[in-house]
Amino acid sequence: MGPEAAELGLGLLGAGRFGAQILEAAADLPGLRPVAVADRDRDRADALAAVHRVEPCEPERLLADQRVSVVAIATPPAGHARLALAALRSGRHVFCEKPLATRLEDATEVLAAARATGAPRLTVDYPLRRNPLYALVGRLQQAVLGPPRQFALENLASDERLDAGHWFWDREVSGGIAVEHGVHFFDVAAWLLGSQPERVQALEAARPDRAESQWTTLDWGELASGRLYGWIPVELELDIRTDGAGLAAVQALASDQQAALAVPGYRPSGAERITLELASRGQPGRWDLHLRATLGGQAAKPRVYRESVRAGLADLLTAITTGGHPAVTPADAWTSLATALATQESATTGTATRPQALPS
């Protein structure tokens, strides 16, 4: 059997900006071949299909197309759960844009369908999980640091590209900013911390000015502290305080940057760099280290995003072909949504809220 015969057909539901990014990421991914694009707006489906030389069609036809083994869902969020269920029940694997749903009841139905014996695989597009800088932080945690004590995000996102009629502003469609956007950060925080939140306290406010600035502060107490820059991180700085064994472990990572930044399915650009500065703390066997890592600066952000989406698709393919589970599981998507909805409730009521527990 030749390589083309082993390829899985990809059908895209939703021909907007996110859909276009998915097709760009999938364009030359071994084992996956885009075959169809569907959108309620047929003109948009036609335009995107022409760019990628695939067939435009209606959503119902795509879900019945026997060439389609993997369905990518990139419609506005309110439709994600319904389409994911339809795809799973028709035997298709699912790559779903975040969030998995806008209501926890709908996410629970999808979770049950994805957990059923013999069910197709489902993952959600959380590109932070496939970002090389987060991969490096994860490896530092395994080698030296352990879980952080604090994960603090400052996310100022500009909205100039979203007109007043955009679906994002309709909470019934988008789920609101904590759901549509916040799930990224709730997921990666739980992943790094190794635990889910027990209680959420939130405050909601509006600001008249616009800005574009994002950074994430990580703190390991006396062991380390630092920042990731960009909501799609492209720069990392860490100050690490360690002993001789920790120094050797960090030096080993810094000396093999390809392995330290490796994410399966993510293709390095050649602009990635890790630098390490060290100085004695004045105590025998103790060291202060300053680690910097870059993926190429702010100009690299579009490529980093695309490659992270590509890595998510590659991870789903691996789960399909090996019978394993994707790195971002349906349960991960459910719990990040539960945290987002608890955040909204807390912001509305002004009181701390407990996120609902994952169904057993």
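This is a predicted model: local features need pLDDT of at least 70, side-chain atom pairs count only at pLDDT 80 or more; totals for chains, interfaces and linings use all residues.

In which helix is the place of Ser346?

Modeller: Ser346 has its place in helix 13, which covers residues 330–349. The relative accessible area of Ser346 is 0%. Since buried means under 20% relative accessible area, Ser346 counts as buried.

The surroundings of Ser346 can be described next. Leaving aside neighbours within four places in sequence, Ser346 is in contact with Val200, Gln201 and Ala202, and also with Thr351, Ala352 and Thr353. A further reference point is Thr318, which is 28 residues from Ser346 along the chain. The C-alpha atoms of Ser346 and Thr318 are separated by 38 Å.

Helix 12 may be considered after this. Helix 12 comprises residues 301–322, a run of 22 residues. At 1.5 Å a residue, helix 12 should span 32 Å, and its end C-alpha atoms are 31 Å apart, so the two values agree. Gly323 follows helix 12 and has a positive phi, near 80°.

The loop between helix 2 (42–52) and strand 3 (55–57) holds Arg53. Although Arg53 is a residue other than glycine, its phi is positive, near 55°. The relative accessibility of Arg53 is 80%, and exposed means over 50%, so Arg53 counts as exposed. Another backbone feature is the peptide bond from Lys98 to Pro99, which is cis, with omega near -10°. Pro99 belongs to the loop between strand 5 (93–97) and helix 5 (104–115).

The whole chain provides the wider setting. Its secondary structure consists of 13 helices and 12 strands. A compact globule of 360 residues would have a radius of gyration near 21 Å, and the chain has 21 Å, so the chain agrees with that expectation. Along the principal axes, the C-alpha atoms fill a box of roughly 70 × 55 × 45 Å. Of the 360 residues, 50% count as buried, and Ser346 is one of the buried residues. Among contacts with a separation of 6 or more, 70% join residues 24 or more positions apart. The chain exposes about 16,800 Å², of which carbon and sulfur atoms supply 51%.

How values were computed
Residues are numbered from 1 along each chain as its sequence is written. Side-chain values use heavy atoms; hydrogens and water are left out. Helices (H or I, at least four residues) and strands (E, at least two) are DSSP runs, numbered from the N terminus. The radius of gyration is taken over C-alpha atoms; the globule rule is 2.2 Å times the number of residues to the power 0.38. Buried means under 20% relative accessible area, exposed over 50%, partly exposed in between (1.4 Å probe, protein chains only). Contact means heavy atoms within 4.5 Å. Accessible areas come from the Shrake-Rupley method with a 1.4 Å probe; for residues, only the protein chains shown count as cover. The expected span of a helix is 1.5 Å times one less than its number of residues.
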